[in-house]
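Here is a note on this model for a colleague who works with computed structures.

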Amino acid sequence: MGCCTSSPHSRRKYRDPADLDEVVVPLREFGNYRNGTTNLVPDDIDGLPSTHNYKNLASDPDTLLYEAEIDQGHAFRCCQPWIAVVCLPYFWVWAAARGLGQVLAGCTCDEVVCWLRKEYSTRNFFRVYPNRIEFNVPNMRIPFGFLGCGSWNADNIITNPFDRGAFGFRRVKSGVCSLLLCIYPVFGETLARQRCQCNGSLWSGGCSSWWCDEWCCDMMCCTYRYKGLADADETAFAAGIALQAYFEGRKITREEMNKCLDHYHDNISERTDPEGRKRDVCCEPFYIPLCSCLCCYEYVCHPHRNIPFDEEDPLCTPELVEVYDKYKELRDKQVENYKQFTGPVRKSTCCRALGCRRLFGRRGFFFCTEGCNDPDSSCCSKKAGDPAPPFRYKDIDDIIDASVVLRAVLGDPPLNVTYRGWQWDEVSNEFVLPPCKETNESLTNRSANIKSFRELRS
């Protein structure tokens with residue numbers, strides 16, 4: 001009877017934007033869960049409003065907040081070595097069971113030659129809205145794509161709403177087949193959407209709790225992966241901002257998203273300041289050098305493409321010229337970014353390619369080691385009613401999640417949103433738990449502000 005006890009309609013207690021016009025104002029609290037790379041999940045995640053009930057959302061769901069740049073090397077993803085699996089007899093058994101038409105529809109070999117001519121480059125997109133992610137990866141139409149008649153390809157638009165398995169976003173560093181040899185992003189970077197709340201312990205047990213590393217989630221079924229992005233870090237940040245605004249019930253516009261992105265580029269992004277915001281890795285100053293694979297990125301996956309018609313040819317339309325000019329602009333920009341940052345910084349050593357910041361513990365090379373019978377682990381100091389304990393090691397990404405950026409750039413959240421959590425003390429060089437600010441006086445002021453808000457709306 002488990003299906004009868006898991007009704008989302010029975011658990012949703014948040015109704016209108018910010019919930020300030022309700023008779024009983026529910027308090028949205030954050031702090032029981034540890035923050036991920038981009039987001040801090042609310043304590044009662046199952047109480048959030050449905051993303052399909054538009055009247056209960058703070059922002060207009062049709063507002064386009066962000067559109068990611070697509071890497072032009074995405075057309076060559078069929079050139080990966082693992083494609084050789086098609087030669088195995090087991091593959092043909094699987095193809096026959098699934099249907100040959102569906103298997104051929106996923107074939108992307110024609111994109112290598114016709115990335116521009118068949119509108120693949122202009123129809124691929126990744127878009128962020130206040131309540132969902134939308135992306136499109138066109139597929140070849142069978143048999144029209146082979147015969148050259150009718151529409152060349154079919155759109156495959158997929159929508160991922162925020163109330164269906166969205167707990168944070170991050171760039172996948174390595175270990176997935178969408179990267180060449182599972183390391184090099186020559187076909188574009190990959191973005192992971194966290195499907196579960198595994199930023200805390202896998203099971204409770206005081207000092208015996210183990211903490212989950214994110215790199216294993218990137219390679220397994222805990223994440224949904226979006227491929228072919230030019231800058232997955234920026235895309236993860238933008239998606240995290242939209243997701244956190246949905247968590248808070250905060251209204252957000254395209255202009256406000258642009259302000260948050262400016263803050264990201266000026267204060268957070270490693271790409272804009274590789275030295276000042278350098279993410280540490282465990283092996284430096286000792287390291288194993290790694291090839292950057294720049295030649296493959298520049299000359300194989302991002303070739304020069306010329307218009308196949310003469311200027312006097314009627315088929316050489318202004319629209320076609322614009323598409324090729326746009327490709328040249330994006331190609332030059334992306335190749336330069338790979339030369340200046342991705343190759344010499346992210347793929348310069350084995351540790352940087354793998355993203356390991358330490359040997360043991362969270363974001364380390366080994367899985368689930370922090371907190372295992374360790375008396376120095378932060379889980380031992382947790383008391384009843386306290387927010388989730390801090391991580392043992394301080395990382396720059398722990399203090400710049402979307403909840404922090406929203407408050408720094410756009411101001412305080414709605415009146416009924418409360419954040420509780422550990423903060424880094426620069427004086428003592430350790431995490432401290434600030435005293436709870438919810439005194440009787442603050443609660444009285446909150447009630448007065450809510451009452452004024454209701455009167456203003458009425």
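Contact, as used throughout this note, means heavy atoms within 4.5 Å. This is a predicted model, in which local features need pLDDT of at least 70 and side-chain atom pairs count only at pLDDT 80 or more, whereas totals for chains, interfaces and linings use all residues. Residues are numbered from 1 along each chain as its sequence is written, and side-chain values use heavy atoms, with hydrogens and water left out.

1. Isoleucine 241. Leaving out residues up to four places away in sequence, isoleucine 241 touches Ile252, Met257, Cys260, Ala402, Val405 and Leu406. Together with Phe126, Ile241 has the most contacts inside the largest nonpolar core, which has 45 residues; such a core is a set of buried Ala, Val, Leu, Ile, Met, Phe, Trp, Tyr and Cys residues joined through side-chain atoms within 4.5 Å. Buried here stands for under 20% relative accessible area, exposed for over 50%, and partly exposed for values in between, with a 1.4 Å probe and protein chains only.

2. Sources of the core. At least two residues of this core come from each of β3 (125–129), β4 (132–136), β10 (223–229), α8 (232–248), α9 (254–267), α13 (402–410) and β11 (417–419), where helices (H or I, at least four residues) and strands (E, at least two) are DSSP runs numbered from the N terminus. The largest share, eleven residues, is supplied by α8. In soluble globular proteins, nonpolar side chains tend to be buried together.

3. α8 against α9. These two helices pack at an angle of about 135°, with their axes 10 Å apart; axes are lines fitted to C-alpha atoms, for helices over the stretch in contact, and angles run from 0 to 180 degrees between N-to-C directions. α8 and α9 are therefore oblique to each other, given that angles under 35 degrees count as roughly parallel, over 145 as roughly antiparallel, 65 to 115 as roughly perpendicular and the rest as oblique. On the α8 side the contact involves Asp233, Glu234, Phe237, Ala238, Ile241 and Ala242, which meet Met257, Cys260, Leu261, Tyr264 and His265 of α9. By class, the residues of this contact are eight nonpolar, one polar and two charged, with Ala, Val, Leu, Ile, Met, Phe, Trp, Tyr, Cys and Pro counted as nonpolar, Asp, Glu, Lys and Arg as charged, and the others, Gly among them, as polar.

4. α8 against α13. The axes of α8 and α13 cross at roughly 80° and come within 9 Å, which makes α8 roughly perpendicular to α13. Phe237, Gly240, Ile241, Gln244, Ala245 and Glu248 of α8 make this contact with Ala402, Ser403, Val405 and Leu406 of α13, and the classes are six nonpolar, three polar and one charged.

5. Positive phi values. Which phi does cysteine 182 have? The value is positive, about 65°, although cysteine 182 is not a glycine; this residue lies in the loop between β8 (169–171) and β9 (189–194) and is partly exposed, at a relative accessible area of 33%. Cysteine 293 also has a positive phi, near 60°, but it is located in the loop between α9 and α10 (294–300) and counts as buried, at 13% relative accessibility. Most residues other than glycine have a negative phi.

6. Aspartate 44. In the loop between β1 (28–30) and β2 (66–67), aspartate 44 is buried, with a relative accessible area of 16%. Not counting residues up to four places away in sequence, aspartate 44 touches Lys13 and Tyr14.

7. The chain overall. The protein has 14 helices and 13 strands, and 47% of its 458 residues count as buried. Among contacts with a separation of 6 or more, 74% are between residues 24 or more positions apart.
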